[in-house]
Structures are given as C-alpha cells and as structure tokens.
Amino acid sequence: MSENAKQLEQLLGRGYQHGFVTEIDSDTVPPGLDEDMVRLISHKKQEPAFLTEWRLKALRHWLTMKEPHWAHLKVAPIDYQSISYYSAPRSKKDGPKSLAEVDPKLLETYAKLGVPLHERARLAGVAVDAVFDSVSVATTFKERLAAAGVVFCPFSEAVRTHPQLIEQYLGSVVPYTDNFFATLNSAVFTDGSFVYVPKGVRCPMELSTYFRINALNTGQFERTLIIADVGSYVSYLEGCSAPQRDENQLHAAVVELVALEDAYIKYSTVQNWYPGDADGRGGIYNFVTKRGDCRGRNSHISWTQVETGSAITWKYPSCVLRGEGSIGEFYSVATVNNHQQADTGTKMIHIGRDTRSTIVSKGISAGHGQNTYRGLVKILPSAHGARNFTQCDSLLMGGQCGAHTFPYVEAKNPTATVEHEASTSKISDEQLFYCLSRGITAEDAVNMIVSGFCKSVFKELPMEFAVEAQNLLAVSLEGAVG
Amino acid sequence: MGARTAMLSIEDLQARVDGKPILNGLTLEVGAGEVHAIMGPNGSGKSTLAYVLAGRPGYEVTGGRVLFEGRDLITLAPEERARAGLFLGFQYPVEIPGVNNVYLLKAAVNAARKARGQPEVDAFEVLGLVREKMALMRMEDSFLSRGVNEGFSGGEKKRNEILQMLVLEPRLAILDETDSGLDIDALKVVAAGVNSQRSPERACVLVTHYQRLLEYVAPDFVHVLVRGRIAKSGDRSLALELERRGYDWVAGEAA
Ligand SMILES: Nc1ncnc2c1ncn2[C@@H]1O[C@H](COP(=O)(O)OP(=O)(O)OP(=O)(O)O)[C@@H](O)[C@H]1O
Ligand SMILES: [Mg+2]
C-alpha cells in the first residue's frame, strides 16, 4: 500500500472517530464542509484512494478561493456551511407523497408540455417505488449499448467498473483548480453520468439522462464525463424539457467532454429548472462548468442549449480546440422572463492549426428579465489559420427587460479570422398584427415569432428535442405579451 | 342600395390615429358577391380604413358603426374578425424571419377551423392546399421553405398575400394596393387569383391607384375617398374618368 493510501486510511479512520459512523445509515449528512466531510462522501461511495485524494486537493484549493462576483447578476449570498453535501438518493420522505401534494401550477405546466402522466409524477419528485415504463426502456437501452461496447452509466458506477478511465480523464478538461464552483464540485460531487465510446464506434442511439432512472437523484453537485475515443461519434441529451422540482438552491455541476482524433461529440441541453414561484422565490442558482476538449486531430464538439433559465443561470459551455483542424460549436437559446437573470455564453480557445469555431447565441428577454451574453474567442499564437464566426441576436419583448452582449476576442495569431455579427430586435407591432389579422392569437403569434428567431439553434437539436424546446419556450414566455 | 343584403355595412365611421382624425364620417355598403374599388389621393385614409376594419391596435374608432354579416365588427378582436371571414391584404406585408410560410398558413387555417368547431388539419393537408394555390399564383416551390415574406421582392410579397387569401378563403377580402409594384404578368396573375375567388357569397374591396387592375378585375362599384370620406361613387367608368382627370375635380365637387 502506498504511503498516500495509508495516510488516507488513517484519516478516514480518524473521521469515524468524530462520530460520523452513526450518521452512515441516514440519508443526509449534517450541513458543513471540511476534510472529514469530503472523506465521508468518498467513503460512502467506496471510492478508490486516488479519488479521495483528488477530492481533498480540490477542497484545500477551494478554501483558498474567493466566490466570484459578476456585474450583471444579482446573487443573494450563499452560505456554504449551511449546505448538506451528501444526500443519498433523494429520500422519499422529502418528496410529495402523491400528485395531489404537488404544486398545481407545476402540473399544469407538465400537461401543457405533453409530459405523460406517469412521468409527471416522477419529475415532480413524487416518491413512487416502481419506476414505470422507463425501467424496460432503460433495460433495452443498456443491452443495445453494451452490444456496441458503449459504456453509459452513473458516474459512481463507472468509478467502480472503469477506474482507470476515471483516473486518466477526470479533471483533465476541467482541473480541480479551475474555478470556485468547479473546485467545490470536485471536492463534493456525488454523482452524474459517465460515457465512453470506443474507437470507431458510432453510438447507436441518442444518449439521454431522461432514460436513466437515477437521473433525478444526482443532486446539486453533478459530475459528467464523456470520452469519445478515436473516430467515434456520440450525441448526448441532457435534462428534459419539463420543469424540475428541486429543493436544492445551489447547483454547481461540471461536465467534461474529451474528443480524441476524428471523434465527434454532440451535447444538447434543453433545460428548465423549476423557477420557484411567480416572484422567482425559491428558484435555483445554476452555476455550471461545461467544457469540451478537442484533443485529437479533426475532432469536433458541438454544444447546443436551450435554457429557460433558473432564477439565476451562469454557464459558459466551452471548447478547447487543441487538435489540428478541430471544430467547436456553440448554439444557444436563453430565455428570461419575470425576474430571471441569465449570464451565458461560451469560450472558444483555439490552440491547434486550422481550428474552427462557430457561435450562435439567441437571447430572448421578456418581463423584467435580464439576459447577458458573454463570449470569449481566444486565438493562441500556435493557431495558424484559425477561424471563428460569432452571431449574437437578442429579442426583446416589452420595455422592462434587458439584453447585454459582451463579446471578447483575443487573437494572437495574425493569420486568424474572426467575424462577429450582432443584432437586437423587438417583436414588432406590425409582425404581431400581421399574425392576428390571419386569425392567430397573440400568444401563438409570439411563440411563432420567437421560434422563428431561434430557428438556427433549434435545427441543431435532435428532432424530438426540437419540438420539446418549442413547447418549452411557449410555456416560459406565457403572459409575456398581453 | 336597394334590397340586396349588405355583407359589410359602414355607417358614418370616424377614426383617429395617434389622436389625429383620419376617417371623418365614412359610409359604405358592400354586398355579398360584389367587388368594390376604393381609389383616392395619397394620405386620404384608404389604408386607415383597411386597418380599422381589420382591427389594428392604435386605430381608434371614435364614432359610427360597422356591421359585418350582422355582427358589430368593432367590438371583435382582430383575430376574431379574421376567423369570422375578414381578410386584409397588406399594402406593405411585414417580414417574419424564420417563421415558415406554410407554418403560418397552417396556424391560420386551424385557428379559423377551430373557431368553426371543425377538426384541425395537419401540415400535410395544408401543404397540399398551398401547393395547389401556388400553382395558380405561379409561385415556385422554394417559397414553401422560406420565412414569411423573408427576403421577398415587393411583387413576391403581394403575390404571397393573394396566396394566403386563396388558402384562407375569406368571406370578405380587403386588398390594399395589392397591384402596386407588380409587373404586367404578375398583375394578371394576381387578378386571376382575385377573380378565382369571386362568388355570390363572397365580396372584395380593392384599394388601388390604377385603372389597370380594374381592367382585369371588373368592379361593380368604384368609390373615391377624399379626406376620410367617400367623396364620390360610381361604376367602372368612374375609374376611367379618374385616370383621365385626376382627383382634384372630385375633391372640388365634394367640398
Ligand atoms: N401614426 C400616425 N400618426 C399620425 N398620422 C398618421 C399616422 N398614421 C397615418 N397617419 C396619417 O393618416 C393619413 C391617412 O393615411 P393612410 O395610410 O390611410 O393613407 P392612404 O390613403 O392609404 O395613402 P396611400 O395612397 O399613400 O397609401 C395620412 O395623412 C397619414 O400621414
Ligand atoms: Mg395606403
């Protein structure tokens, strides 16, 4: 046993002496964050020593960091010592006992989105023992993937079944030192998804957390790692369009993508956190670090996201374009209504020769919503012939909302080309009246115009998702036009 | 105007835009099966009349009465007027980027069907109908996949208005200068479109500056609008006279 591991054992042992043993059977640990807590989490998850150690390094680093502040977000202070950092698969005791206990507003929204009845219960967090149809779906799903050699499982399972892949790739895209929230996540993450697509394999189906029974139990510090080996292809769908009930206020997820030579990863998100009540109270703070590493030649990573905003969203899916000729793409629709705030964008870091990136950002603001696009295109001296095209369009509905655009470009190679286009428009009275005069209601007209505005992003989504995304926008903009 | 039943009956209509009175006691009756042409100098209130009838927000009715098939039109919301069978062909059709032409038509067709308690039709059926009418309007298939009026030329926009009219089959169509900016061939196509709609149950109001359209679509009545009022009405020959003499004499007569 290595010196390190021995030390660890001792430390773990010491942890127990402090009375944690009695806690082990309970679902939730007491609030607070220190080294003992991190060891406890790692121990509960029966993790190998390298992982425990990695978590501890992250924690020690996090303690030296300051919480970031942003000009365009108003964030109520978060008390990190009052959060409970480990909650076993969400306790049935926490959730509503039946649909009758669920906020009727939420159910109404599910109905509008066309979510099947049994799924509504699941999404609303109703404690139901049997997990409906999705069990059988999940099983056939697993068999087909296994036949193709694709690994798709909860992160914690992958730690047990594929520790060498975890050790090799975890933190290789988002190091534990990366930023305040990613570092926190590295120390305390509980679960998430793991995907490995072997060499030359085209994943036979869209991978979706929707089909994963435990998808809703991953907690507030989710960790996802997707590895596409040489010449492989995978399309991954995150989240689902129905609003998710969640009692966690803070979400700090990390997503790492690794694309090796000629590999292509398409990552789509259609997400709609339960925004809390009409005033946005109880909404979620969503701080996510998503980064893709185009590590091999001609690798390709594409992010597509449709977000209808939590109370506060802060995320910048990024691409590190390392491999020669690699391609990074970012397509985004962000909507804010009522008092929501969104601060989203992307970073494209061009390192390799002839790397290309495309950014298409569509921001929709309604009510008192504030929508910020923040983008960075960075072209390093090594990136000969790199090219970027950025398009940022904002659509305003009503006079009290705002759109802000901050495109930053740092080009350190004279052979690079960077193009930027931006526009701000309003849904004009003429457009609205034109639709009305054809018998279409104002609400349908707005949805139609907004969908039209978002078209270039929607077309990047897998078919079924595109439909869900449109429904989602319709619901989220409800009441935006009188 | 005798025993015929008026489809549209406008009585002493007064309307303001941005506080400025534009229609000043306009009276007009349009019977089923009739085609009326409305002519008149720039700024006389022709488009304002069309907008008021279609219910454009901001066009405030301050007096008078409008009955459409016996219903008080002014109290209806614009979308209800459309579903009741009123269609406005815009003088300047607006572009709606990214919203597919067929998609808009499908929404419009289904809104009307829903209002009549009929089942909705799917995209496939709408597409079939649209294709048929497009052939009549000599529009290329590529228009199907384009956004509403997005990047259309002036003439193409006008043709698209008529296409929408043909698909929606309104009881009353108000076409605001649909002939302006059309080349000779396009004018014939548009006229053929309008004529294909003529029937004893349906009526049409053509706002135009030119006698030329009326050569192809023979109107039953011609009216001259001056300063927000019908200053003179007549038959087809009035249009010819206006072409020769201009509007000044009408304005003089009316004053
Ligand atoms: N928002 C507004 N505020 C003030 N005046 C307006 C407004 N809109 C229209 N008008 C005025 O109303 C009058 C009638 O306009 P309208 O568009 O109905 O004329 P028209 O007969 O259709 O003219 P044209 O032949 O040029 O199309 C014009 O004098 C115009 O300037
Ligand atoms: Mg006009």
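Contact means that heavy atoms lie within 4.5 Å. This is a predicted model, in which local features need pLDDT of at least 70, side-chain atom pairs count only at pLDDT 80 or more, and totals for chains, interfaces and linings use all residues. Residues are numbered from 1 along each chain as its sequence is written, chains are lettered from A and ligands numbered from 1 in the order in which they are written, and side-chain values use heavy atoms, without hydrogens and water.

**View 1. Chain A as a whole.** Among contacts in chain A between residues at least 6 apart in sequence, 84% join residues at least 24 apart. Chain A has 12 helices and 19 strands (DSSP runs, numbered from the N terminus: helices are H or I with at least four residues, strands E with at least two). Of its 482 residues, 58% are buried (under 20% relative accessible area; exposed is over 50%, partly exposed in between; 1.4 Å probe, protein chains only).

**View 2. Helix α3 of chain A.** This helix covers residues 49-63, 15 residues in total. From first C-alpha to last it reaches 21 Å, close to the 21 Å expected at 1.5 Å a residue (1.5 Å times one less than the number of residues). Its buried residues include A:W54, A:L59 and A:W62.

**View 3. The magnesium ion, ligand 2.** Its protein donors are B:S47 (OG) and B:Q91 (OE1), 2.0 to 2.2 Å away (donors are N, O and S atoms within 2.8 Å of the metal, or 3.2 Å for Na, K and Ca; water is not among the atoms, so sites may look incomplete). B:S47 lies in helix α1 of chain B and B:Q91 in the loop between β6 and β7, so the pair ties together parts 44 residues apart in sequence. B:S47 is buried, at 19% relative accessible area. B:Q91 is buried too, at 15%.
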